[in-house]
Structure formats: structure tokens, C-alpha cells
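Colleague: I am new to this one. Can we go through the terms and see what backs each of them?

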Amino acid sequence: MKTKKIKKIGILTGGGDCPGLNAVIRAVTKSAIANHGWEVFGIEDGYAGLIEKRGHELTQPQVSGILTLGGTILGTSNRADPFKVSVVKGKKVVFEDHSDQAVEHFRQWGLDVLVAVGGDGTLSIANQLCRKGIPVVGIPKTIDNDLSGTDYTFGFHTAVSICTEAIDRLHTTAAAHHRVMILEVMGRNAGWIALHSGSAGGADIILIPEIPYLMDTICKAVKKRAQHGKKFSLIVTAEGAKEKGGKVIEKKRDPKNPYPVKLGGVGKYLEEQIEKLTGLETRSANLGHIQRGGSPTPPDRNLGTLYGTHAVELIAQQKWGQMVCVQGGVVKSISIEQAVNKLKTVTLDNPLVVASEAVGTSFGI
Ligand code: F6P
């Protein structure tokens, strides 16, 4: 792509929302205007706004005071994909490619670059748009922290903090009632939230998608604790955890979504099984979207600011197709291509897995 004079940049937030998105929008807008004199344009509801031509100018006053806010002032969508737009034809839902229209809207707005803030799905689409000639810069976001190429995505720290507080609260009620308490947290394909919050909350058992569990091992672990006078147990499970040889538990399917499966219910399933097989009183709680909402923690606010300002510098250098990232404590960039389509998952030799096992935590195997 040729070098051109940048005048106007577009920004969108895609996929599930995440604490820290507004910190990024603020950082991009403020530094683009103050340091480069560019105009900033906010595309509404992720790629839905690009497909339907919905957006508005972002000015300094509009992004003032949003650093601490959860959600995203631009709105988001985790089903909009210009390459797979759901269209109802008769009784059927079919997916059509509307990417030419999306590119046309980008040009009609007079944008020179698109800043795409999102996880694997949003950045994969950004990469496809880049191949169609749109200059793109990516910023990684997801509470799941499962994006390759970066040590951390903003939102993860906040989610872990919320889950840890929930575990601490379940701890006291579990102890008071001598019960097995299960907390289900998010994490479809990767167990980072369950691992980090479970370890921080002192969970007795942590179940993650990467390590299929054995029900027998879980039951033996809670019974052993009961026999040794510990009359309660705490279990943290990722929504994507599954029994060895079994399947993930689906909450529902959304046929209009190109990514239709919604997970949920593994905590309830474990509750029923553990109570039936051990005779121990068991309860479960599902934290759901509580772990995705609300104000970002200070580390997530700062990561958002670092990512947003670094993305603006990438634009100034016209480094298209790059994604900002943090590796070994240093903020830098890699190609979006390198980051997408291969999730970063928990491995058995992860230091926190090894340390958790060393202090007696079971992973259900
Ligand atoms: O990708 C983030 C995530 O929080 C996943 O862990 C979870 O499966 C999904 O979003 C839930 O999405 P929704 O908001 O559509 O229920």
C-alpha cells in the first residue's frame, strides 16, 4: 500500500465488550488529535456500523471522562462480519459477503485507516479488510486473554479480579455451610481466567478447556478433603471445560450469528453430578457477564492507554496490518496475521499450573 498523508482515522470496537475499551478509544482519539492533528471517526457497533454506514466524529470533549467507564461508547457487536452477513431468505438464514459495501462506506467517510479493537474474530476480519486494500491497525482485546502474539489483552486483569472476589465470597459461605461450591467463569477455548482467579482464590479444583477432567478424580478430591476435616471445597470451572471423552455444555445456539454456539451450564452439571456421586451438599454459581462489565482495573486502564497511543504511532509510521502487543513487558507490534487464527491456550507446563499443583490444587485429572 502506498504512503499517503493521513487526515482522518476510523476506529471500531468489535466482539464481546471488555473493560478498558473506552481507555483505548480515549487514548487513540486524544493522541491522534493532539499529536497529529488528525480527525477521528467512531464507527458504531463494531462491523455492524461499517456494513450499515453508521458512525460519528469523535472529539476531545467526547472522550473526556471515559477512562474509568466499562463497556464501549461506540457500542459493539459480536455477530457482525462484513464477509458473513446473515440474511433471512424464506425460512432459511444464509450468509452473504457484503465486504465491498463495507469498503465503499470506509471510502465515502473519507477514512485513511481503520483501527480495529477486538479479539481473534474482529482482528481476523480486519486482516481480511487489509487484504482488500483498507489500511488497518489492530489493538488486541478480550477478557479471555487467549490471543496469540501478546502476553496480555486488556480486560483480562479486570475479569480475573472480579472472579477472584467472587471466589473469596463463595469461600466464606462454603465454609459456613460445609458445602462444595462451584464457580463457572468465562473461557470458551482457554482457561486463563479460571486458572488465574482459581489460583488467586485458593480453589481446590480448577477445570479448564485444555485439560479434560475425570468426574471420578473430582469426587475423590472433595471426599478426601471431607475425610481430612475440610468439610468444604471450592471448584472453579471455565465454561469450556469438558469431561474426558465428553463435549462442552452449550447454553444455546444463535443461527443468525456466524459463530452460533453459546456455552454455559458446566457448573450446574458438575453440581448435580458431585452431589449425586459423593452425597456432599453442592451449589454452583455462574458469574456470566458480570465479569465483563464495569470499571477496568488500573492495570487495564494503563494497558488501554499504552495500546491506544502506540497504535497512533503505528499509523504515523504507516505500518499497516500490524497489531500492538505486549511481550516481556515491552509494548511493540507484530503483524495481525501472526496473532490470529491460533489461540493462546494454557499448557501443562505453565508456571501457574505447576505451582498450583505443587500446593495441592487438582485439575481434575
Ligand atoms: O470472548 C469473550 C467471551 O467472554 C467468551 O469467554 C464467552 O464465551 C463469550 O464472550 C460470551 O459471549 P456473549 O456475550 O455473546 O454471551
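Modeller: Start with one pair. I182 stands opposite S284 in strand 13. Bear in mind that the model is predicted.

Colleague: What makes strand 8 and strand 13 a pair?

Modeller: Two strands pair if there are at least two bridges between them. Strand 8 (residues 180-185) and strand 13 are joined by 5 bridges, and they run parallel. Therefore they count as paired.

Colleague: Which order do the strands of the sheet take?

Modeller: The order is 9-10-8-13. These 4 strands form an open sheet with parallel pairing. From one strand to the next, the twist averages 15°.

Colleague: Why are strand 9 and strand 13 called edge strands?

Modeller: Each of them pairs on one side only. Strand 9 covers 205-207, and strand 13 covers 282-286.

Colleague: What packs on the sheet?

Modeller: Helix 9 (residues 266-278) does. Helix 9 touches strand 8, strand 9, strand 10 (233-238) and strand 13. The direction of helix 9 makes about 180° with that of strand 13.

Colleague: Now D144. Why is D144 called buried?

Modeller: Buried means under 20% relative accessible area. D144 has 13% relative accessibility, so D144 counts as buried.

Colleague: Where does D144 lie, and what is in contact with it?

Modeller: D144 lies in the loop between strand 7 (136-140) and helix 6. Leaving aside neighbours within four places in sequence, D144 is in contact with F156, M186, G187, R188, W192 and I193.

Colleague: Which residues have the most contacts inside the largest nonpolar core?

Modeller: They are I9, I11, V117, I139, F154, I193 and I315. That core has 60 residues. Helix 6 (residues 156-177) gives the most to this core, with 8 residues. Apart from this core lies another, of 31 residues, including I125 and C325.

Colleague: What does I9 touch?

Modeller: Not counting residues up to four places away in sequence, I9 touches V28, A32, W38, E39, V40, F41, L111, V113 and I315.

Colleague: One more pair. How do helix 7 and helix 12 cross?

Modeller: The axes of helix 7 (residues 192-200) and helix 12 (residues 351-358) come within 11 Å and cross at roughly 40°. The crossing is left-handed. L195, H196 and S199 of helix 7 make the contact with L352, V353 and S356 of helix 12.

Colleague: How many charged residues does that contact have?

Modeller: The contact of helix 7 with helix 12 has no charged residues. By class, 3 are nonpolar and 3 are polar.

Definitions and conventions:
Residues numbered from 1 in each chain as written. Predicted model: local features only at pLDDT ≥ 70, side-chain atom pairs only at ≥ 80, totals over all residues. Heavy atoms only, no water. Core = buried A, V, L, I, M, F, W, Y, C linked by side-chain atoms within 4.5 Å. Buried < 20%, exposed > 50% of the residue type's maximum accessible area, 1.4 Å probe, protein only. Helix = DSSP H or I, 4+ residues; strand = E, 2+ residues; numbered from the N terminus. Contact = heavy atoms within 4.5 Å. Axes fitted to C-alpha atoms, helices over the stretch in contact; angles between N-to-C directions. Left-handed = near helix turned anticlockwise from the far one by under 90°. Nonpolar A, V, L, I, M, F, W, Y, C, P; charged D, E, K, R; others polar.
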